[in-house]
Amino acid sequence: MTRTSAVVGTGAIAHAHAQAVVDLADRARLVGAVDVDPGRAASFGAKWDVPVYPDLAELLAGARPDLVHLCTPPGSHLALALECLAAGAVPVVEKPPVLSLAEFDRLRAAEAEAGLPVVTVFQHRFGSGAVRLRRLVAEGALGRPLLASATTLWFRDDDYFAVPWRGRWELEGGGPTMGHGIHQFDLMLSVLGRWTEVTAIAARQARPTDTEDVSAALVRFGSGALATVVNSLVSPRQTSLLRFDFERATVDLEHLYGYSDANWTVTAAPGVDDLAPLWAGGPVDTPSGHTAQLAAVLDALDTGATPPVTSADARLTMEFVAATYASAFTGRTVAQGEITEGHPFYDRMVGSGAPWPATPRDEG
């Protein structure tokens, strides 16, 4: 069955979504695009040979897409996703899906009412290395998870924050904890399962942003595993690192913005047989990316299953983000399940305010 897709917001990340649809041309087809910038929309339409609509309402009525890929700034995601659900289309929402847990719970309520899934784009879950690792963990082949780390060391210069919505709590929702490192620690959470508590710090070290540009967290999991999570936008040598120490092996992943099987290494513990044959089993080398996730979404839709990543999965990651900010800004350890309606960090990731002044912005 061929599913139709439309793209809302035709900036840089929209091209990854369009490419994913084209990569799966036997199963998916682009039928429309929208952008607030008519020139950018026209260029996108010409490149991908897709009609351009003046707004989402006309796209939904005219193209009637099965899926709508939301590639706009985070502050617009909720309203657009609600509009898609009301029209009977599945929203495929770029990270971060919304600005707060309160917004996410509104989205989940609309999802339940519409009887349609909401898909959050966490494409690093879908590379074959991650799929293989989760299978081996589930089978107990690596022993208990003991220690892990998720480190996102990226660099964004001052000009990066000149884009009006970047670095603003009310438009982007947060800094690298919310919009950059989220890919790495979401993958970590998909492997290690439910986290139970977070102790964190955050700082604005160097960038002209209202949000943090660095954060670090200590995490405890229900399994008893411990982890560290570091998110940075001030690191000139950029890299993305994940490490998992199990009873029987260490599994490492180092990449930057996407990985293949070549980016993974497995080191057996002393006295443990070579695990290479075990690691070699499973899916073929599938890079992480939008194509891999879209293929998994289409597989689920074709069989009537709930597509990955489910809203329950995405909420656990969003709650981790909120807990990181809450701990960093209050100096307390925050437990999973603690941030509920009425909590300062439920409605805004910044809670009652960051411990540094807002950056003056040029309003001219």
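## Salt bridges

Glu170 is partly exposed, with a relative accessible area of 47%, where partly exposed denotes the range between buried (under 20%) and exposed (over 50%), computed with a 1.4 Å probe and protein chains only. Its side chain meets that of Arg168 in a salt bridge (3.6 Å, N to O), a term that requires a side-chain nitrogen of Lys or Arg within 4 Å of a carboxyl oxygen of Asp or Glu; Arg168 itself counts as buried, at 16% relative accessibility.

The structure holds 15 salt bridges, among them one between Arg315 and Asp105, whose closest N and O atoms are 2.7 Å apart. Because Arg315 lies in helix H12 (residues 311–330) and Asp105 in helix H5 (residues 101–114), this pair ties together parts that are 210 residues apart in sequence; helices here are DSSP runs (H or I) of at least four residues and strands (E) of at least two, numbered from the N terminus. Arg315 is buried at 16%, whereas Asp105 is partly exposed at 23%. Arg315 also forms a salt bridge with Glu319, at 3.7 Å between the closest N and O atoms, and these two residues, four apart in helix H12, are separated by about one helical turn.

## Model and confidence

This is a predicted model, in which local features need pLDDT of at least 70 and side-chain atom pairs count only at pLDDT 80 or more, while totals for chains, interfaces and linings use all residues. Residues are numbered from 1 along each chain as its sequence is written, and side-chain values use heavy atoms, with hydrogens and water left out.

The mean pLDDT (the predictor's confidence in each residue, from 0 to 100) is 97 for the chain, and 99% of its residues reach 70 or more. Confidence is lowest in helix H10 (residues 276–280), at a mean of 89, and highest in strand E9 (residues 226–232), at 99.

## Two buried residues

Arg132, in helix H6 (residues 128–139), is buried with a relative accessible area of 3%. A polar atom of the side chain of Arg132 lies 2.8 Å from the backbone oxygen of Gly281.

His124, found in the loop between strand E5 (119–120) and H6, is likewise buried, with a relative accessible area of 3%. The side chain of His124 makes a polar contact with the side chain of Ser288 (3.4 Å), a polar contact being a pair of N or O atoms within 3.5 Å, of which, within protein, one must be able to donate a hydrogen and the other to accept it, with residues adjacent in sequence counting only if both atoms are side-chain atoms.
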